[in-house]
Structures are given as structure tokens and as C-alpha cells.
Amino acid sequence: MSNYGAERLVFNPGALRRARERLGFTQIGLAKESGIGQPVISRHENFNSSATPSQIDLVKYCRVLEITPKDLMSPQSVVDDEKNGVDVLAEDENEVGQPE
């Protein structure tokens with residue numbers, strides 16, 4: 001089971017990129033559908049950027065990507081792990097069905 005507990009949720013750039021790719025959008029395609037500029041999307045997907053989407057941009061992403069704002073949030077430690085190249089999703093998948 002994940003050991004992220006009740007950490008505060010923050011925007012996760014990787015979640016945005018995965019949601020975009022899941023639906024087959026390029027950054028340019030998402031820009032056209034959402035009305036958010038491609039350079040802004042690039043900054044939002046970049047772990048080394050301090051850019052966090054505004055509430056308006058979050059709503060636009062969610063509408064186009066068919067997700068909720070919570071889908072773009074993760075505990076800070078998950079975001080930090082992803083930024084450092086840790087495949088958090090693979091770790092969580094390995095735990096599925098494992099006895100506690």
C-alpha cells in the first residue's frame with residue numbers, strides 16, 4: 001500500500017502529461033482544444049518549472065481531458081519522486097494484490 005498517507009495534495013505535472021497522452025493529444029492539440037497556449041502547457045508539464053495552472057486552466061484541462069481536478073493532484077512526495085525519476089506508478093502497481 002502507498003505510504004503517502006494524508007499528505008497535502010499539490011499539482012502533479014506528470015499527471016497532466018499522462019492524461020494528455022492517454023487521449024492521444026499532443027501539447028499543440030491540447031492547446032487548440034483547451035485554449036491554453038502550448039508554451040503554457042509545456043511549463044505546466046515541466047517538473048523543473050514552478051508554473052502551476054490557474055483554477056481556470058485546471059477547469060479547461062479537465063473539460064478536454066475528461067478528468068477531475070483531483071486527477072491532476074498528488075501528495076508532494078509523489079511529485080518529488082517523479083521529478084527525480086522514480087516510477088511511482090510502477091511501485092504502486094507492484095503492491096496491488098499483495099498481502100499486507
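Which residues of helix 2 (residues 27-34) are buried? The legends below begin with the answer and then turn to other parts of this predicted model.

**Figure 1. The buried residues of helix 2 in the predicted model.** Helix 2 spans residues 27-34, and its buried residues are Gln27, Gly29, Leu30, Ala31 and Ser34. The cover over these buried residues includes helix 1 (13-22), helix 3 (38-45) and helix 4 (55-65). After helix 2 comes Gly35, which has a positive phi near 85 degrees.

Figure 2. Ser34 belongs to helix 2. Is Ser34 buried or exposed? Ser34 counts as buried because its relative accessibility is 4%, and the limit for a buried residue is under 20%. When residues up to four places away in sequence are not counted, Ser34 touches Ile41, Lys60, Arg63 and Val64.

**Figure 3. The crossing of helix 2 and helix 4.** The axes of the two helices, helix 2 and helix 4, come within 10 Å and cross at roughly 105 degrees. Helix 2 is therefore roughly perpendicular to helix 4, a term that covers angles from 65 to 115 degrees. On the side of helix 2, the contact is made by Leu30, Glu33 and Ser34. On the side of helix 4, the contact is made by Lys60, Tyr61, Arg63, Val64 and Leu65. By type, the residues of this contact are four nonpolar, one polar and three charged.

**Figure 4. The buried residues of helix 4 and the residue that follows.** Within helix 4, the buried residues are Asp57, Leu58, Tyr61, Cys62, Val64 and Leu65. These buried residues of helix 4 pack against strand 1, helix 1, helix 2 and helix 3. Just after helix 4 comes Glu66, with a positive phi of about 60 degrees.

Figure 5. Most residues other than glycine have a negative phi. Is Glu66 buried or exposed? Glu66 counts as exposed because its relative accessibility is 64%, and exposed residues are those over 50%.

**Figure 6. Met73 in strand 2.** Met73 is part of strand 2. At 27% relative accessibility, Met73 counts as partly exposed. With residues up to four places away in sequence left out, Met73 touches Leu9, Val10, Phe11 and Asn12. Met73 and Ala15 are separated by 58 residues in sequence, while the distance from C-alpha to C-alpha is 7.4 Å.

**Figure 7. Ser74 in strand 2.** Ser74 also lies in strand 2. Ser74 is buried, because its relative accessible area is 11% and the buried class takes in values under 20%. Apart from neighbours within four places in sequence, Ser74 is in contact with Arg8, Leu9, Val10, Asn12 and Val79. Ser74 and Pro13 are 61 residues apart along the chain, and 9.6 Å separates their C-alpha atoms.

**Figure 8. The largest pocket and its lining.** The volume of the largest pocket is about 180 Å³. The lining consists of Val10, Phe11, Pro13, Phe47, Ser49, Ser50, Ala51, Thr52, Gln76, Val79, Asp80 and Lys83. Strand 1 (9-11) and helix 5 (76-83) are the elements that give two or more residues to this lining. Which element gives the most to the lining of the largest pocket? Helix 5 does, with four residues. The lining residues comprise six nonpolar, four polar and two charged.

**Figure 9. The protein chain as a whole.** The protein chain contains six helices and two strands. From the N terminus on, the order of the elements is β-α-α-α-α-β-α-α. The chain has 100 residues, of which 36% count as buried. Among contacts in the chain with a separation of 6 or more, 70% are between residues 24 or more positions apart.

Key. Residues are numbered from 1 along each chain as its sequence is written. This is a predicted model: local features need pLDDT of at least 70, side-chain atom pairs count only at pLDDT 80 or more; totals for chains, interfaces and linings use all residues. Side-chain values use heavy atoms; hydrogens and water are left out. On a 1 Å grid over the protein atoms alone, a cavity is a set of points where a 1.4 Å probe fits but cannot get out, and a pocket is an open set with protein on both sides within 12 Å along at least five of seven lines; lining residues have an atom within 4 Å of a point. Grid points are joined across faces, edges and corners, and a volume is the space filled by probe spheres set on the points. Ala, Val, Leu, Ile, Met, Phe, Trp, Tyr, Cys and Pro count as nonpolar, Asp, Glu, Lys and Arg as charged, and the others, Gly among them, as polar. Buried means under 20% relative accessible area, exposed over 50%, partly exposed in between (1.4 Å probe, protein chains only). Contact means heavy atoms within 4.5 Å. Axes are lines fitted to C-alpha atoms, for helices over the stretch in contact, and angles run from 0 to 180 degrees between N-to-C directions. Angles under 35 degrees count as roughly parallel, over 145 as roughly antiparallel, 65 to 115 as roughly perpendicular and the rest as oblique.
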